[in-house]
Amino acid sequence: MICPQISRRAMIGGTAALLLSACAALPPLSLDEAVRRLLRRSTERALARLNEPGGAWDRFIAGLDLASGLGPAGLILQRTLMSAEFHRRLDAWLRPVALRAARAAAPRVAAAVRTMGIANARAVLAGGPRAATQMLRSAMGPAVIEAMVPEFRDALRAIDDPVLGPVIAALAGLGGDALARKLAHHADDAVWDAIGDEEAAIRADPSAGGDPQLADVLARP
């Protein structure tokens with residue numbers, strides 16, 4: 001959050017002196033609040049960039065193995081699953097579904113950032129480049145997955161693509177609810193990887209995070 005004392009004109013003009021003096025008038029940021037702000041910034045940036053070229057959803061789609069874990073019958077469909085046409089259609093269909101699933105999970109992540117206990121904020125801030133993300137993911141457990149499963153399940157039931165439909169229906173029939181959960185697990189990994197990447201980027205360049213108070217805390221030795 002940018003310091004409230006700074007006018008819009010000062011922000012647009014990029015007046016560093018005004019920015020620093022305004023923030024100096026604010027009370028010091030507690031270490032707990034610094035961790036929460038770091039996570040809030042990281043989460044907001046990650047969710048905003050999920051669908052950018054080379055981003056988390058590109059890796060999500062590229063790493064998806066629909067047949068694994070569904071037994072020998074799933075392997076029968078392997079040739080179709082590997083075809084370029086199937087992958088093109090899968091990308092076009094699955095990307096917006098995954099984005100909706102991530103948005104469905106976002107309120108749970110935001111609530112966890114606000115309310116979770118932080119046993120040692122100093123250690124988190126002094127930890128590795130993704131220490132806060134790892135702490136949050138551990139605290140939330142499978143909550144993000146559970147929030148995303150219904151979106152994938154509903155999308156699987158409603159699919160009407162003439163190429164994807166029969167294959168997805170066969171996979172869903174083989175695995176029941178397993179396919180929706182498999183997609184949610186893959187999406188969960190992609191979301192947390194993206195949040196961790198944003199945390200690492202903010203730590204590497206605190207001034208680029210848009211929060212001068214947080215930058216001051218992160219810059220301390």
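By what part of a helical turn, or by how many turns, are Arg203 and Glu199 separated in helix α12? Being four residues apart in that helix, Arg203 and Glu199 are separated by about one helical turn. The model is a predicted one, in which local features need pLDDT of at least 70 and side-chain atom pairs count only at pLDDT 80 or more, whereas totals for chains, interfaces and linings use all residues. Residues are numbered from 1 along each chain as its sequence is written, and side-chain values use heavy atoms, with hydrogens and water left out.

Arg203 and Glu199 form a salt bridge in which the closest N and O atoms are 2.9 Å apart, a salt bridge being a side-chain nitrogen of Lys or Arg within 4 Å of a carboxyl oxygen of Asp or Glu. Both residues are buried, where buried means under 20% relative accessible area, exposed over 50%, and partly exposed in between (1.4 Å probe, protein chains only).

The structure holds 19 salt bridges. One of these links the side chains of Arg89 and Asp161, at 2.9 Å from N to O; Arg89 lies in helix α7 and Asp161 in the loop between α10 (143-158) and α11 (164-175), so the pair ties together parts that are 72 residues apart in sequence. Helices are DSSP runs (H or I, at least four residues) numbered from the N terminus. Arg89 counts as partly exposed, at 22% relative accessibility. Asp91 forms a salt bridge with Arg95, with 2.8 Å between the closest N and O atoms; Asp91 is partly exposed at 24% relative accessibility, while Arg95 is buried, with a relative accessible area of 14%.

Helix α3 (residues 31-49) has 19 residues and should span 27 Å at 1.5 Å a residue, which agrees with the 27 Å between its end C-alpha atoms; the expected span is 1.5 Å times one less than the number of residues. Among the buried residues of α3 are Arg36, Leu39, Thr43 and Ala46, and the elements covering its buried residues include α7 (84-115), α9 (131-140) and α12 (178-204).

Helices α3 and α13 pack at an angle of about 110°, with their axes 10 Å apart, the axes being lines fitted to C-alpha atoms over the stretch in contact and the angles running from 0 to 180 degrees between N-to-C directions. That makes α3 roughly perpendicular to α13, a term covering angles of 65 to 115 degrees. Leu31, Ala34, Arg37 and Leu38 in α3 meet Gln213, Leu214, Val217 and Leu218 in α13, contact meaning heavy atoms within 4.5 Å.

How values were computed
Helix = DSSP H or I, 4+ residues; strand = E, 2+ residues; numbered from the N terminus. Parallel < 35°, antiparallel > 145°, perpendicular 65-115°, else oblique.
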